Every structure is written in structure tokens, then in C-alpha cells.
Amino acid sequence: MLVLDRVGKTYPNGVRALDGISLAVKPGEILVVIGGSGCGKSTLLRAVSGLDTPTQGKVVLDGTAITAPHEKIGIIFQEPRLLPWLRAAENVGFGLEQRPRAERRVRVAGALERVGLTDKAWVWPRELSGGQAQRVAIARALVPRPEVLLLDEPFSALDAFTRADLQDHLLHLWADLKPTLIMVTHDVDEAIVVADRIMVMRAHPGRIFEEITCDLPRPRDRQSAAFDFAKRRVLAALDRSLERAIITDDRETKAASGAALWW
Amino acid sequence: MTATVEEAPAERDASRGRLARFARPALGLLLPVGLAVFWEIAVRIGLSNGRLVPPPSVIFDTFVDLASTGELQSHTLATLFRVAAGFVFGVAAGTVFGAIAGYSALTHRLIDPTLQALRAIPSIAWVPLFILWFGIFEASKIILIAVGVFFPVYLGVMGAVLSVDRKIVEVGRAFRLSGFAMVRRILLPAVMPAYVLSLRAGLGLGWMFVLAAEFLGASTGLGFLLIDGQQLGKPAQIVAAIVAFGILGKATDWLIALAAAPFLRWQDVVER
């Protein structure tokens, strides 16, 4: 169980990126964090990952406070961030350095097969397409079998077709080990395709604005009426979150109204 | 008729490919080889006596003469030893200081201004001081070469460490790499391309400075051969020494490139 207890983050320049975020994520749950730009969703993810430490409150995973990157937590960034000097397979095995060679080989081969890149195992990252590179990055994050996998707008740099493809792919992989997923996105469709629960955030300071449970049966049909209905609900919540930010926070009005146009 | 029309473009493409492969390097050879042949002929038919600008055949003979007496080998070895020793010290110091100056902002502020100020001094200016301090024998020469090698390596390493992609470092952090593992698995490979470039630049300067050092008093070395040729009026010996410098410089540079190639294969952008 991943628990966030009144997590807050104030930057040295006084900007309050996060304020009093409390939430619990069940093992195997898929939580999607959505919100306008600058609402602190990436900051939140980085606090959970241990890459940044919150200035208030704490993040606790299975009873241990997370203050630094943890072996049970994996992260996938917006860019693949593959190490250009390692071949695809070596990138996938990057987190397995401590394991015996034979085990490493089996697990890397398995992971590459799961992401459909067995034939690209010995290719350099620069020879991979954007979608392939992000699949290698997903394999790299999953291969150490994390309990929690964090995704920071992982598909936002890809074209629409590749994006839909990778969303399905991610769910497919998730079904293997059922790690807890926390995904940050600004794509409402993406949120509804993957989420069990959608958390809408609001900026200035970054707070939870609304939680929406998303219990459509899987696999989810992007064309169905139920999908459309869920989408409208999330969009409405987002609209409200941005409006309230404008009303309650006169000083930031200009920045927030600009953000209202983000989709 | 139709057959010729169909074949012609393919044939032209093939011949153009062949032309590109052989003619382009040959094009670069045209000027030097042409000049050499021209000069050889000019001297042979008596247009010039070739005393001050010896023709290629005389230079080649001089080479053979110097090699047969063993002079060429001993002078070459003396120069190679100086460059190698100076290069090793210069690279070692440049790498250490470059890494320190690139690693943290504090050490950068501490040492970089001093080193940049020293860099502004033409290194040859140190020669009189080095001779006073270290004598006129090997030590002062090697130190001068080391100073020459130091700066490009220092700048290269510092720049490379400073410009390591923060996002890639973060990947290392996310996988909980400790300080040493971070250096070995992330920083070292990341700075490798720039490091190799700086080594090659450093080596080039090393060859320049060995010449300066040998000009300023030496009884061995290719630089001595140059001065000796000037004082005894033997232009062929001078040109032979220059050619030897060229060959050695190119060969050592090629050795570094060759040794580094396995580490840089990921970066090799041009497909063969």
C-alpha cells in the first residue's frame, strides 16, 4: 500500500507546487493524475519516486518512508531516456546489474519479448523509433519487478496511433505482475483508457480537486458511449478545477486562464 | 534502342558510384603528387638545381641514408619518448583537474579562474623558467609538453562533465546508483566522446611542443635533426624530419582513434 500523508512541496522561491496531498493507493490499482499545466502533477510523481523530497508530509510504501529512490518503485519519464551507449537489451537490463548473468539474460529476453522488440535487442537506441524507444524504457522499468510504477506523461511525445498502441501495451504488461500504477497525463482519453481512479488536480497551490472512479469493464472501447460519458465527466471536472483556480486566486488569474486552454 | 535507354541510367549510376569511391580521395592527392612530380621533373631537366628545395627523390634518399645509419630511429625514439611522457603527465593532470572542476560548482569556482588565467599565457613563455627550474635535459622538455597537453584535456573533460545530460543522470539516480557506480555506468560513458576528442587535440599540441622543446637545446630528437639540417645547410634532412613528424603525428592520432573506437561505436553516426 502506497500512502501519501499531507504531502506538500514549496520551492525555495516560495512557489507552493503541492499542498496537503493525502491519498492511499491500493496494490495493483491504476491511478491517473490529471490537471492543467503547472498543477503540480509531475512534482507529485517525483516526490513519490524519491527523486525529489517533499517539504511537508511524507510518502510511505508498505510502512517505509520514501526519501530516496527505492527498489520497489520504478519510473518512466516523458522521454525514453535510454542510455545511448548501451544496446536495447543492455538498457533493459540496466537495473539488474547485481543479478547473476544467466538470470539477467532470461529476464531481459522475456521483457523484450513482452514489448515485442526481440528483433531489436542488439540495436543502438538511436536506431529505434520514438515508440520503440519508449517500449524499451517501459521494459527497463518493469524488469526489476517494481511494486509501484510511476509514469510521467509517458506517451505525450508520441503520435496518436503509437500512443493508443502503447496504452494497450502498457495495460497488457500491467496484467502480468499487477504493480500499482500512477500515471500523470494531460490526455483525458488516455486517463479513461487506463485508470481505475482519476485524480483531478488544481494549481496554486497544487491540490487534489476531485476524484473520479473509473470502473468501465476492461478492455475499454474508446468508441463506446460509456467511454464518452466518462470522458465528459472528467472534462467537466477539469473545467471546474480551472475555473475555481481563477476565481479563488486573483493574483494568478492570468497564468491560470492561459492554462485553461491546454487541451 | 529501348534496351540502351533502360540500361543507361543504371550504368551511369554504377559508374558514378565507382567514380565517387575512388576519384574523391584521388582528387585530394592530385595537388601534392602533381607538385612533387612537377618538381622532380623540373630538377631533372635542369630548370632548377634543387639545392634549397630538394626534389622528392633526394628526400627519399636522405630518409634511407638516415635510416641505414640508425640516426633516424634513435632521433625518432627520443622524440617519441618525450611526447609519450609529456602526454601521459599532461593527460593525467588534465583529467583529474577537469573532472574536479566539472564535478561541483564549488571546485569549479576555486580552480577554474586560475587555470584559465594560466591558459592565457602562451606556453612557450614558460620555457626559460622551466630551464632554470628543471635544467636543460629531459625534465624541462617533458614538463613543457605536459603543459601543452594539459589545457585541451582539462577544458575537454571539464566541458564534458558539465554538459552530461541531467536527465540521464536522473535515470542513474532512479536505479539507485551509488557515487562510484554513477561515475562508472553513467558519467564515464557519457563523457567518453568529448574525452577522446580532447586527447587527440592534446596529442596534437604535444607534437607541437616537443618541437619547441627540441629547438631550444637538444642533441637528439627530430627537432634536433631539423636544426642540424638548417645549421649544416641540408634542406633534404629538414624536409625528411618534417615528413617524419607528419607521419608520426598522424599515426599516433590514428592509434588513439583506433583504441577509442570500441567505446564510441554507439555514437558512430555515419553508416558504412
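Axes in this account are lines fitted to C-alpha atoms, for helices over the stretch in contact, and angles run from 0 to 180 degrees between N-to-C directions. Helices (H or I, at least four residues) and strands (E, at least two) are DSSP runs, numbered from the N terminus. The structure is a predicted model, in which local features need pLDDT of at least 70 and side-chain atom pairs count only at pLDDT 80 or more, while totals for chains, interfaces and linings use all residues. Residues are numbered from 1 along each chain as its sequence is written, and chains are lettered from A and ligands numbered from 1 in the order in which they are written.

Confidence comes before geometry. The model scores ipTM 0.84 and pTM 0.79. In terms of pLDDT, the predictor's confidence in each residue, from 0 to 100, chain A has a mean of 87, with 92% of its residues at 70 or more. Chain B also has a mean of 87, and 91% of its residues reach 70 or more. Two stretches call for some care. Over residues 246-263 of chain A, pLDDT stays under 50, and the model has 20 contacts beyond four places in sequence for them; two residues are in contact if their C-beta atoms, placed from the backbone, lie within 7 Å. Where pLDDT is low, the predicted coordinates should not be read in detail.

In chain B, helix α7 (residues 166-174) and helix α8 (residues 179-215) have axes that come within 10 Å and cross at roughly 165 degrees. Angles under 35 degrees count as roughly parallel, over 145 as roughly antiparallel, 65 to 115 as roughly perpendicular and the rest as oblique; α7(B) and α8(B) are therefore roughly antiparallel to each other. On the α7(B) side, the contact is made by Ile168(B), Val169(B) and Gly172(B), and on the α8(B) side by Met182(B), Arg185(B), Ile186(B) and Ala190(B). These residues divide into 5 nonpolar, 1 polar and 1 charged, where Ala, Val, Leu, Ile, Met, Phe, Trp, Tyr, Cys and Pro count as nonpolar, Asp, Glu, Lys and Arg as charged, and the others, Gly among them, as polar.

The contact between the chains takes 10 residues from chain B and 13 residues from chain A. On the side of chain B that touches chain A, α7(B) gives the most, with 6 residues. That side has 6 nonpolar, no polar and 4 charged residues.

Chain A contains an open sheet of 6 strands in the order β6-β7-β8-β3-β9-β10, with mixed pairing; two strands pair if DSSP finds at least two bridges between them. At its edges stand β6 (73-76) and β10 (207-213) of chain A, each with a single partner strand, so one side of each is left without a neighbour in the sheet. Neighbouring strands of this sheet are turned by 20 degrees against each other on average, direction ignored. Within the sheet, β7 (residues 148-152) and β8 (residues 180-185) of chain A pair in the parallel sense over 5 bridges, with Ile182(A) in β8(A) as the bridge partner of Leu150(A).

An open sheet of 4 strands in chain A has the order β2-β1-β4-β5, with antiparallel pairing. Its edge strands are β2 (16-25) and β5 (64-65) of chain A, each with a single partner strand. Helix α1 (residues 41-49) of chain A packs on the sheet, touching β1 (2-10), β2 and β4 of chain A, and its direction makes about 60 degrees with that of β2(A). The antiparallel strands β1(A) and β2(A) are joined by 6 bridges, and Val7(A) has Ile21(A) in β2(A) as its bridge partner. They form a hairpin with 5 residues between them, in whose turn Gly14(A) has a positive phi of about 95 degrees.

The peptide bond from His204(A) to Pro205(A) is cis, with omega near -15 degrees, and Pro205(A) lies in the loop between β9 (197-202) and β10 of chain A. The bond from Arg218(A) to Pro219(A) is also cis, with omega near -5 degrees.
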